[in-house]
Every structure is written in structure tokens, then in C-alpha cells.
Amino acid sequence: MRLRALALMAMLTAACATTALAAPDPDKVLHSSFNAPETGYDPAKTSDIYSHGVMENIFEPLLTYDYVARPAKLIPLVAKSMPEVSADGLTYTIHLQKGIYFADDPVFKGKKRELTAADQVYALKRIADPATGSPSNYLVLGHFVGVDELAEKAKNSKFDYDAPCEGIKALDRYTLQLKLKQLYPALPYVLAMPHTSPVAREVMEAYGQNSLAHPVGTGPYILKEWKPGVKTTLVYNPNFRHVVFDFHPTPGDKAGEQVAREMNGKTMPQIGKIEVSIFTEEQPMWLAFKSGQLDELYSIPQPLLRGVLNMDPKNPRRAALKAEYRKAGLKISRVLDPEMTYWDFNMQDPVLGGFSKEKIALRRAIAMSFDTDQTIRDIRRNNAVRMEYTIPEGVVGHNPNFRYQYEYNRPLANALLDQFGYKIGPDGYRTTPDGKPISIDFLGDASAVGRQWNEYWQEALDSIHIRVTFRPVTFNDLLKAMRSCTYGMVGAAWIADYPDGENFVMLNYSKNIGAENTACYNSPRYDKLYLESQKLQDSPERNHLYDEMNKVMMEETPWLPGETRFRNRMMQPRVLGDEVHPIFQVSWRFMDIQK
Amino acid sequence: MTSTVQAAPAMNSTPEVHRGFWALGWRRLKRDKIAMVSLMVVGAFLAIAIAGWFNIIGDGWRKEVAVPYAPPSWLAQSADETLPPAEEEAGARSDAPIVTMTEAEDPIGKELAIARQNMGKYASVETPLRESLPFGGDLRGRDVIVKTIKGTSTSVFVGIFGALFTLLLGTVLGAISGYFGGKVDDFLNWFYSVFTSVPDMLLLLSFAAVAGRGIKTIIIVMALTSWTGTYRLVRAEYLKLKNREFVQAASAIGASDTRRIFVHILPNISHLLLVQFSLLTVALIKYEAILSFLGFGVGVTQVSLGSMLAEAPAELVQGVWWQMVAVTIAMSLLVTAFSLLVDGLRDAFDPKANK
């Protein structure tokens with residue numbers, strides 16, 4: 001009897017749900033966590049991943065990524081379709097969907113406010129406006145016709161948003177046109193970043209300096225409450241349009257198929273309220289998750305990895321939850337981040353740098369003396385794989401069959417140095433072939449983990465009789481030294497801004513010395529290939545160029561490749577449709593939760 | 001000089017009584033089975049400790065012999081703790097040929113080939129890391145047993161020498177205070193009050209924070225903070241004994257103050273000092289563990305039971321319990337045996353305290 005009654009109830013509620021037109025259940029509350037505080041919720045003013053994680057749910061950029069496609073694939077969001085690009089690649093025309101409304105806000109005085117092309121124009125110009133102080137202004141400055149001039153003028157007066165601008169303009173209410181000064185192949189990806197989301201001008205002007213606390217977007221959620229650094233509460237946006245999930249994962253992608261099974265046919269969003277708490281300490285965060293107070297764990301804290309996962313010590317790709325957690329029904333989504341770490345040799349260093357054979361041999365010997373597998377095991381706790389291509393997995397252009405790695409072989413490294421006349425002096429250390437002492441200025445950060453790396457490097461360099469001095473500095477000084485090429489060796493890391501190989505191969509372009517090219521690598525061979533690849537979209541031809549670029553780097557050895565780490569998100573059994581996306585920080589808007 | 005004193009007619013019977021006292025004590029101790037077992041355990045620990053000081057055992061504790069957190073060999077891996085056998089990895093990795101830099105493309109390819117023939121002179125025998133160890137390994141793959149032995153050795157060293165210095169300080173100050181009395185006594189009593197007014201642990205921590213890390217500093221710090229108990233005891237004994245006939249007799253034959261303090265009175269409280277020494281050793285082993293646990297103890301290149309315990313919290317959340325268990329066993333065995341021995345010693349040599 002009871003069962004029957006229950007079944008009837010379920011039918012009733014189901015009926016209600018359809019009549020109430022897609023409004024999510026306000027009692028469905030998701031408790032989530034971040035492990036560092038956010039800055040605030042103004043798309044132009046923030047660049048940390050935690051703020052972006054929240055803003056992904058409040059704002060909607062022109063384009064976005066398919067939630068289940070791997071590698072991540074661009075799809076239109078606010079735009080009706082993908083941008084139309086002119087033959088010369090310099091003009092982008094984008095048509096916006098009609099009938100997208102901003103969330104209600106007192107500024108709109110009770111009227112519904114539709115999103116128009118002018119809002120996108122305003123948002124892009126706002127990034128360039130010096131008064132905004134956007135950390136992401138490089139996305140706009142230097143690319144669009146006429147914008148730099150406006151920004152230049154605004155240094156002394158106010159930015160003139162109404163002045164005609166050829167580079168960024170609205171052709172009509174729903175059409176946007178972007179004109180470029182030179183090729184900008186990454187532009188579609190830039191238009192998918194939360195930074196460039198359209199915003200309403202009257203809102204930004206009304207809240208002024210307080211814009212961080214007043215995000216008004218067109219996305220599925222609105223900000224209900226914000227206690228900076230402690231708690232953020234989101235509730236669903238009743239103005240959000242009718243969107244039904246229809247995911248088509250790549251066949252064979254088990255995680256994607258699971259998401260499609262759990263979510264297809266439901267409307268977006270399903271969860272009525274999201275509460276995000278900040279835990280800066282790992283232990284309390286883990287305990288809160290374990291006891292069920294949190295529905296989702298942003299990532300398993302590194303010290304706990306071995307306690308939570310069974311890992312194959314020989315193959316970091318193989319890992320599964322320990323039985324006690326598996327039996328409790330906890331779920332995990334474990335994917336490689338679109339990132340890589342590498343060791344830079346300063347190519348302008350008088351001892352280490354240069355393209356002559358003996359310099360290459362010195363760098364090669366150092367590379368061969370370092371056991372990357374050991375540090376993956378000991379320092380990364382098996383939560384990373386070797387980086388074997390300058391474009392990581394999950395990023396367009398990655399070649400899984402390339403092996404960018406130097407054999408770990410200390411006797412060979414020693415013999416190679418002998419071969420080139422780096423003799424061992426009476427003090428037990430090698431000198432240059434012309435008899436000068438060698439001492440590597442090894443830059444590192446002053447943290448405990450930094451010290452750990454130094455121990456392994458000390459051991460490696462001792463084994464090939466190369467003297468090294470470690471220089472621990474703060475992160476800011478580290479960046480400064482890397483950009484000014486004033487160091488010997490340093491560890492670096494790069495995470496994708498957008499999932500295209502271009503974002504990675506540009507790291508070694510000689511024009512980027514002083515910025516991202518921290519190895520100060522100035523190779524004519526590499527530059528030539530890079531410029532050719534710039535002209536191409538994703539294609540076998542471009543992939544071939546990428547392979548050639550990797551070979552050039554392997555030969556000239558400006559880097560010792562490091563590793564790519566995993567991201568491990570954990571969820572309670574009641575959470576549905578949650579999967580780590582390589583670019584999105586969170587998946588809340590695509591998820592459901594069983595009450 | 002001692003023999004002449006003992007040969008003096010007035011002290012004629014003293015040597016016999018003296019010997020008799022220790023012999024009697026030993027006989028009483030031997031009857032106490034618990035104390036004898038404890039004595040053997042403590043003896044074994046001392047042997048390990050001394051061997052450790054001279055690096056006869058436990059010298060290689062820093063050698064990384066196994067994989068990080070190698071489990072104990074006798075611990076069968078349950079099915080829950082292992083992954084299912086690897087499936088063939090899907091697609092991509094195997095269906096296309098591997099691309100990489102060839103020797104011909106490598107600008108130093110030829111030299112590398114020559115170097116490869118000459119690398120024999122640098123070849124070293126690297127023993128492969130073991131997957132498991134008799135009682136497991138720590139983060140760096142060091143053997144927990146060897147580490148525990150070395151750690152015990154350090155802890156016992158600190159305990160014994162700390163106790164010795166404490167005893168020395170307490171006895172000298174107590175003797176001076178009790179024997180001379182008056183202004184000296186007042187001053188030392190005031191000094192004593194200052195030290196006892198601060199909680200022990202707090203005092204220890206503040207001294208340790210100032211002194212820095214290392215075995216020597218710990219010993220000094222502990223001596224400087226723990227002398228008060230001994231001081232009080234010794235002072236009371238001297239107050240009591242200084243007016244006894246044998247001291248007056250010594251005074252009558254012209255023995256100096258120093259001589260009366262150290263030659264005439266001190267031997268008569270030596271049994272108390274022995275008990276005090278054992279008590280202090282136990283206490284200081286515990287204090288050392290606490291200090292090292294809090295990060296004020298031994299330096300990074302040394303290991304003690306406390307510094308091993310300090311690693312335990314990070315290990316326990318990962319399910320690595322063996323290092324903590326090893327330390328717990330060693331520490332509780334040592335401290336329990338030592339405490340029981342102290343009880344036995346007190347019963348045997350200080351029967352009055354029992355009543």
C-alpha cells in the first residue's frame with residue numbers, strides 16, 4: 001500500500017514540475033567548496049579560477065564549450081552560431097540570439113532587460129578601459145582596430161564608450177562585428193572566456209567601484225549572498241530561458257555517457273540553490289566532505305591522495321577510490337589538467353645558454369641526470385604523468401605518439417660531458433671546456449615543496465659533478481627574474497587559457513621573450529615553423545608543424561619536460577551529471593542532485 | 001683520600017654498613033620480579049642506545065631503501081587495497097608509430113653515441129628499491145625499524161645525559177643551599193620559586209624556542225628547566241644531615257666545607273639520587289618526544305622518537321600507520337620498563353619513602 005501511495009505522490013510531483021515550467025526545485029541545495037578565496041564577481045576585474053568558477057554560472061559569454069565533448073569543443077552560447085570569419089581572417093561577424101534577458105535588478109526599474117550586441121561591445125571596451133584596471137586587458141589591447149587609441153586617450157580623461165570604434169561595433173541590435181589589426185586565431189576562445197561576457201552598461205555604471213559584489217548576467221544563476229572569502233550563495237535565475245540538456249558524448253567516453261544518461265531531457269538548471277564555502281585548510285574540507293556536509297569536493301588535497309585512492313605505482317593513469325569510499329557510493333572524476341610543467345634553461349645564460357654543440361651537450365647532460373619518474377612518484381604522489389609533447393593531452397594539437405623526453409641515464413650524462421671536455425677539477429666539480437668554473441643559479445620558490453625539489457636537483461647535479469646554488473625567492477621575484485632572463489635554471493608551469501595548441505607553442509616564440517617565453521629561447525628554426533603554424537587552423541598540416549617544432553626543441557634543449565597533473569573531483573552519491581571539464585572550473589549548472 | 005677517612009676509628013663501622021646497604025638493596029631488588037624483568041628490558045634498550053651512539057647499529061637510517069611508504073612485508077594487500085588488473089590501454093597510444101627526435105636529427109647525436117660506449121666508467125650499481133620492508137618504510141622509503149633503533153638511541157641519549165646534567169645542577173645547588181643556609185639558601189630558594197612558578201612545559205618550550213634545535217641544546221634546555229625537584233630533595237636531605245654526629249665529627253677533625261658536602265654527606269644520599277636519576281630519565285625521554293613533536297627538538301639530520309611521531313599525523317590520514325606503531329611500541333616499552341624499574345629501585349633503596 002505504502003509503496004503505491006508513494007508512487008502516486010511521485011507522479012503528482014512530476015506533473016507539477018512540467019506545469020511549473022522548468023523552475024528548479026528551490027529545496028535542491030548543492031554544498032560545494034573551494035580551497036582558496038575568490039576575488040569577486042566582475043568579469044573584467046578578476047582573473048582567479050575561483051571567481052571564474054562562480055561567474056561561469058552567472059554570466060554567459062558569446063561562445064562556450066560543449067560540456068561532454070573531449071577535447072573541449074567550442075559551441076555558440078549567446079551567439080546564434082559560430083562567428084562568420086572573412087576570407088582574410090580579420091573580420092568576425094557574430095549574430096546574437098534574440099530573447100535573452102538579464103536577471104532582474106533594481107537598476108532595470110522592474111523592466112525586463114534584453115541582451116543586445118551593444119552589451120558585448122561595452123564589455124570588450126570595458127576590458128580595455130584603463131579605469132577598469134583589468135588584469136586581462138591583453139586579450140583586447142593590441143588586437144582590435146581603433147581600441148588602443150581610445151584606451152590611450154582615456155589615460156588622461158574618461159574612456160569614451162560612445163565614440164565610434166571600427167574594431168568593435170554593433171551593426172544592429174543583434175549583430176556584432178569585430179575587426180582585427182592582424183590575425184588573432186585565438187579570438188573564438190577568447191570570446192568563450194568568462195572575462196569577455198557581455199554586461200549591462202547601466203548596471204556597471206550604477207554600481208561603479210562596487211561591481212565586484214553586484215554581478216548581473218544572463219546565466220542560470222544569480223548571486224544571492226556574498227561574504228567575501230567565506231561563503232557565496234547562488235540561487236537560480238527565474239529569467240533564465242528554457243534550455244533542455246541534450247549531450248552527445250564521444251562514443252566510448254564512459255564518463256560522458258554517464259552524464260548524458262543522468263541529465264539528458266532535463267532542463268537547465270536543476271539545482272535551486274548553491275552554497276560555496278571556502279576552506280583554506282585541507283583537513284577540515286576533507287572531513288566536511290566525508291561526513292556528507294559537502295556534496296562536492298573541488299579537488300582531493302594532495303596529502304590525502306594516497307589515503308583516498310588506490311594507485312598503480314607504475315602507471316599514474318590507473319587509480320580508483322579505496323574500497324571504503326567506493327562502498328559508500330562516493331564518485332570521482334579524475335582527468336588530466338590541460339597543463340604542463342617544465343624546467344627552463346636560460347638560453348641567454350653565459351654558461352647554460354647558446355646553440356653550440358657543447359652548450360647543448362651540457363643542457364642535455366643535466367636533463368639526463370634528472371629522474372622525472374621519481375619526482376612524480378615522491379613529490380606529486382603519483383598524481384601526474386610525464387609530459388611528452390609541448391601541448392598537453394586534452395588540448396587540440398596534442399600528439400599522443402610523440403616522445404619528448406630525454407633518457408634518464410647518469411653514466412651517459414657523465415660520459416657526454418667528458419666527451420665535450422667538461423673536465424672534473426680537483427674540487428670534484430666540472431669546469432667548462434676552456435677551464436672556467438660552472439655554477440648553476442637555480443631559481444626556486446621558498447616554499448616547503450620548493451625545498452623538496454631542490455633536494456632532488458642537488459642530488460641529480462651532484463651525480464654529474466655540476467655545482468649548483470639554489471636561490472629561493474618569492475613568487476613575484478621569481479616571475480620578474482624569469483621575464484628578465486636573469487637566472488640559470490627554473491621550474492615553470494603553464495595551464496591552458498584555451499584548449500588550442502597555439503596557447504602552448506607560443507611559449508617558445510622569440511617575440512614572447514620578456515613575457516611567456518621564460519626560457520628566453522630565440523631559435524630561428526622554431527620561429528619559422530611557429531609563424532607558419534599561425535596561418536593554419538587545426539589540421540594535419542598544422543599538427544605536422546607542431547611535431548617539427550617539438551623536434552627542434554628536443555634537439556636544441558631549452559627545456560627539460562616535466563609533468564601534467566590530474567584534477568580529482570569527488571562527489572557524494574546523490575550528485576548527478578558532475579564531471580571535470582578541462583576548461584570550466586565547476587559543473588554546477590549542468591548538474592542535478594537527488595534530495 | 002677516601003680510604004683514610006674510612007680507616008679513621010670513628011668511622012670504623014661505616015664501610016661495612018655502607019656496603020651492606022647497597023648489597024641489601026640489591027637483594028631486595030632481586031626479589032622483585034617485575035623490577036628484574038624491567039631491568040633486563042632497560043638493559044637491552046641501553047645496549048641498543050650505546051650501539052647507536054657509536055653508529056654500530058642504525059647508522060644507515062637515512063638510506064632510501066624502498067618505495068615511499070613501503071608497507072610491512074607481512075601485511076597482505078587486501079583486494080580492497082589493490083587495483084583490478086590493468087586492461088589494455090585503449091586506442092591512441094599504440095596504433096600509430098612513435099615519433100621522436102632521431103639520432104641523425106640530434107645535433108649531438110654522434111657524440112652521444114661515442115659517449116654511450118664510454119659510460120662504463122661511471123656505471124654504478126643501483127640497488128632497486130624494495131616494494132615492502134619488514135616493518136614498512138616512511139615517506140622517503142627509509143626502513144622504519146632502523147629509524148626506530150636510531151631514534152630510540154637518540155632519545156635514550158638525550159634522556160640519560162639530560163638527567164645527568166639535571167642531577168648535577170640540582171644536587172650542587174641543593175647541597176649549597178641546604179648546607180650553608182642563611183642568605184645563600186634564601187637566594188637559591190627565591191630562584192627555585194621563580195622556576196617552579198612557571199608551568200614546566202611552558203618553561204621548556206620558551207627555553208627551547210630561544211636555544212634553537214639540536215641534541216646538545218635539548219640536553220642543556222632540559223637540565224636548565226628540570227633541576228628544581230632534585231634541588232628541593234637534596235636541600236632537605238642536607239638540612240637534615242648537616243647536624244648529624246658524623247658530620248660534626250668530620251668538622252672536628254678539620255674537614256673543609258667542600259669535603260663535608262661532597263665526601264661525607266653526598267654518599268649518604270646517593271641512593272636517593274639513583275632513584276631521582278631514573279625518574280628524571282623517564283621524564284626527559286617523554287619531554288624530548290614532546291619537544292621534537294612540536295618541532296623544537298632534534299635537527300633535520302637527526303631522528304628521535306619524537307620527530308618520528310611528528311610525521312605520524314600526515315601519515316595517518318593516508319592510512320600509513322606503521323611508523324607510528326613502531327614508535328609507540330618502542331616508546332611505551334622503554335618508558336614502562338623504566339618506570340617499573342624506578343618503582344623497584346625506590347622500594348629497594350629508599351624503604352622509608354614507602355611508608
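## Burial and fold of chain B

A residue is buried if 20 or more other C-beta atoms lie within 10 Å of its own, exposed if 12 or fewer, and partly exposed in between, with C-beta atoms placed from the backbone. By that count, 33% of the 355 residues of chain B are buried.

Chain B has 14 helices and zero strands. Helices (H or I, at least four residues) and strands (E, at least two) are DSSP runs, numbered from the N terminus. Two residues are in contact if their C-beta atoms, placed from the backbone, lie within 7 Å. Of the contacts in chain B between residues at least 6 apart in sequence, 75% join residues at least 24 apart.

## Model and confidence

The model is predicted: local features need pLDDT of at least 70, side-chain atom pairs count only at pLDDT 80 or more, and totals for chains, interfaces and linings use all residues. Residues are numbered from 1 along each chain as its sequence is written, while chains are lettered from A and ligands numbered from 1 in the order in which they are written.

pLDDT is the predictor's confidence in each residue, from 0 to 100. Chain A averages 89, and 96% of its residues score at least 70. Residues 1-21 of chain A stay under 50 and have zero contacts beyond four places in sequence.

In chain B, α8 (residues 200-211) packs on α9 (residues 215-241) at about 140 degrees, with the axes 9 Å apart. Axes are lines fitted to C-alpha atoms, for helices over the stretch in contact; angles run from 0 to 180 degrees between N-to-C directions.

From α8(B), the contact includes B:Leu203, B:Leu204 and B:Phe207; from α9(B), it includes B:Ile220, B:Val221 and B:Leu224. The contact has eight nonpolar, two polar and one charged residues. Ala, Val, Leu, Ile, Met, Phe, Trp, Tyr, Cys and Pro count as nonpolar, Asp, Glu, Lys and Arg as charged, and the others, Gly among them, as polar.

## Where chain B meets chain A

The contact takes 33 residues from chain B and 36 from chain A. The largest share of the chain B side, six residues, comes from α5(B). That side divides into 21 nonpolar, five polar and seven charged residues.

B:Tyr122 sits in the loop between α5 (109-118) and α6 (144-180) of chain B. B:Tyr122 is partly exposed, because 18 other C-beta atoms lie within 10 Å. Leaving aside neighbours within four places in sequence, B:Tyr122 contacts A:Arg410, A:Pro411, A:Asn414 and A:Ala415.
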